[in-house]
Amino acid sequence: MRCTNEEVISASPLRVFCILLLEEDVLQREVSKGRKMEDNNKDLRRLISGRPKCFMIAGSPLCAGCQHGTISRIIGEVIDDLGIVGKTIAVGGVGCHSMLVMSASKFDLTTALHGRAPALGTGIKRGTDGKAIVFTLQGDGDLAAIGMGDLINATVRGEKLTTIFFNNAGYGTTGGQMAPTTLIGQTTTTTPSGRSPDTGGFPIHVAELMAGLAGVAYSARCAVNTIAQYKRTKKAVRTAFQKQIDNIGYGFVEILSACPPLLKMRPTDARKWFEKHMFAEYPLGEFKNVDETKIQYQVET
């Protein structure tokens with residue numbers, strides 16, 4: 001699939017970074033430091049287009065129009081903002097979702113067996129006496145299929161972890177097969193006539209599922225298709241990390257991410273498809289945000 005530069009740029013919120021960082025408070029901080037912007041705006045361009053400090057220079061392994069890179073940047077910005085790069089350890093699952101973070105991060109990281117990121121993250125968190133800030137990167141196959149048991153059990157154990165869940169409604173790495181998040185009627189390589197509830201079951205709503213678990217302190221579903229959604233997603237990711245930092249409970253953020261090759265569409269068309277269909281099935285918003293995990297009932301001895 002060949003795409004023009006205009007199509008890639010218009011399909012990806014990468015173009016919004018400059019606008020996001022041109023907020024007045026950023027400029028005021030620069031002015032207060034006595035820094036003068038050059039007339040030709042070279043300093044300004046460098047200020048608003050730089051990568052997160054916790055990322056190295058690295059080529060992107062992702063496809064044109066893939067929104068995983070945008071999500072990865074949000075994670076990097078949050079880690080920078082919280083000042084936790086020296087304490088952060090990432091656990092990547094198997095799939096496209098972890099490729100950019102795993103290849104460009106300056107913080108510690110490792111890769112788990114397929115679906116086992118929460119289990120490995122548990123070992124790291126407990127092995128460091130809770131001092132490390134541990135988060136998992138997982139896709140809809142790694143998390144919602146083979147890894148669902150590990151995710152649920154991590155919350156049941158009361159682990160203080162953070163999970164960023166990339167939902168692109170299919171298996172992008174292995175050729176476009178049906179995933180637990182694939183929509184009813186959506187065509188994939190394993191559902192050429194569209195997913196049928198009679199044979200393929202129903203899409204799973206992980207953010208809502210997580211909200212019902214006692215060990216979860218925060219659960220939200222977000223997107224990165226507009227500037228506004230980018231900001232909301234960054235706020236949600238920061239909140240999910242903060243719940244772990246404050247030792248409150250498990251933080252979970254599901255992020256809808258368009259995959260043009262999976263849909264066999266150009267980036268602009270894939271984004272429109274996601275906005276029309278994915279948002280109808282998967283509503284955006286916060287499903288749980290508590291400052292303490294509550295015990296519903298306790299036997300008195």
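What follows covers the nonpolar cores and then the cavity.

This is a predicted model, so to speak of local features we need pLDDT of at least 70, and side-chain atom pairs count only at pLDDT 80 or more, while totals for chains, interfaces and linings use all residues. Residues are numbered from 1 along each chain as its sequence is written, and side-chain values use heavy atoms, with hydrogens and water left out.

Start with the largest nonpolar core, which has 29 residues. A core here is a set of buried Ala, Val, Leu, Ile, Met, Phe, Trp, Tyr and Cys residues joined through side-chain atoms within 4.5 Å, buried being under 20% relative accessible area with a 1.4 Å probe, protein chains only. Phe-135, Ile-164, Phe-241 and Val-253 have the most contacts inside this core. Elements giving it two or more residues include β3 (133–139), β4 (162–167) and α11 (227–245), but α5 gives the most, with six.

Now for the gaps. A cavity is a set of points on a 1 Å grid over the protein atoms alone where a 1.4 Å probe fits but cannot get out; lining residues have an atom within 4 Å of a point. Helix α13 (residues 267–281) supplies the largest share of its lining, four residues. Among the lining residues are Gln-67, Arg-271 and Phe-279.

Methods. Buried < 20%, exposed > 50% of the residue type's maximum accessible area, 1.4 Å probe, protein only. 1 Å grid on protein atoms, 1.4 Å probe; cavity = no way out; pocket = protein on both sides within 12 Å on 5 of 7 lines; lining within 4 Å.
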